[in-house]
Amino acid sequence: MSIDCELLSLLRANPRITVLTGSGVSAESGIPTFRDAQTGLWEKFSPEELATPAAFLANPSLVWRWYAWRREIIAKAQPNPAHFTLARMQARIPGFTLLTQNVDGLHQRAGSVDVVEYHGNIMRSRCSRPGCLPDAPCGEGEPPPCPACQAPLRPAVVWFGESIPAYAHLKATEASEDCDLFIAIGTSAMVYPAAGLAELAKSRGARFLEVNLDKTPLSRLADFRLQGPAARMLPELEQALWPSVETP
Ligand code: APR
């Protein structure tokens with residue numbers, strides 16, 4: 001794969017980089033993307049039907065079991081070369097911010113730090129009563145009761161129709177307003193406000209690289225595109241940037 005030399009010189013000029021990842025970056029870790037068909041028991045449901053406050057209110061046990069199923073898949077998954085390359089890039093490029101829509105924690109397991117979890121983290125649970133425990137231990141039950149107030153626990157993720165945690169939104173907005181290069185990796189750009197971050201970066205003069213298997217609504221904005229699986233594209237970009245790097 002040949003990498004655009006303008007992109008390489010931009011990356012070599014110590015730019016401020018903001019990366020936004022979506023479920024496509026975890027696809028090669030065996031975690032289904034959101035818009036892939038769900039498998040097995042869950043194939044008759046779509047995430048949009050389950051990842052909502054209304055679904056949880058109507059059937060907390062069903063929603064809790066769906067998340068337990070996803071947690072099982074994630075617990076068995078390993079970070080893939082895309083996650084490791086991003087962790088190494090963050091270590092080498094000072095002005096590097098990683099935002100993720102993913103809730104699987106694989107970036108952190110690959111060594112990325114200060115990851116901005118725009119949609120929360122599935123491995124954490126919180127009390128479903130606003131203002132109660134933001135991070136609660138899980139006891140028995142589907143869902144377990146909150147140890148503080150006995151209300152049902154829920155996954156500490158952002159559901160459709162819910163707002164982005166204030167800290168994550170602020171950090172993501174600042175990092176998108178203030179970067180030289182915005183990189184979107186493995187996201188369909190279907191869900192706002194995350195999908196608006198690339199446009200925000202472009203409006204502030206940033207260049208935009210999209211890494212995806214296919215075209216997305218953001219492709220029209222891209223200055224550079226790497227079309228293919230992230231687990232191959234990112235290590236190849238890294239090799240082109242720093243040929244000496246050993247990428248397993
Ligand atoms: N490498 C790169 N891109 C990939 C790969 C891969 N191996 N596999 C899939 N993709 C791309 C798809 O082409 C698609 O554009 O990743 C994207 C996955 O899109 P979605 O399934 O919509 O996932 P995502 O963009 O993360 O969804 C955003 O929507 O459902 C909500 O909260 C949920 O965070 C999620 C948000």
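Begin by colouring the two domains: the centres of domain 1 and domain 2, taken over C-alpha atoms, are separated by 27 Å. Select 1-30 + 79-119 + 164-248 for domain 1 and 32-76 + 123-157 for domain 2; these bounds come from an automatic or database domain assignment. The model is predicted, with local features requiring pLDDT of at least 70 and side-chain atom pairs pLDDT 80 or more, while totals for chains, interfaces and linings use all residues. Residues are numbered from 1 along each chain as its sequence is written, and side-chain values use heavy atoms, with hydrogens and water left out.

Next, display the interface between the domains. Here 12 residues of domain 1 are in contact with 11 residues of domain 2, contact meaning heavy atoms within 4.5 Å.

Now select the ligand and its shell. The ligand is surrounded by 21 residues, each with a heavy atom within 4 Å of it. Both domains take part, with at least three shell residues drawn from each of domain 1 and domain 2.

Among the closest residues are Ser23, Ser188 and Asn212; show their side chains. An N or O atom in the side chain of Ser23 is 2.7 Å from a ligand oxygen atom. For Ser188, a polar side-chain atom lies 2.6 Å from an oxygen atom of the ligand, and for Asn212 the corresponding distance is 2.7 Å. The ligand taken alone exposes 720 Å², of which the protein buries 91% (Shrake-Rupley method, 1.4 Å probe).

Technical notes: A polar contact is a pair of N or O atoms within 3.5 Å; within protein, one must be able to donate a hydrogen and the other to accept it, and residues adjacent in sequence count only if both atoms are side-chain atoms.
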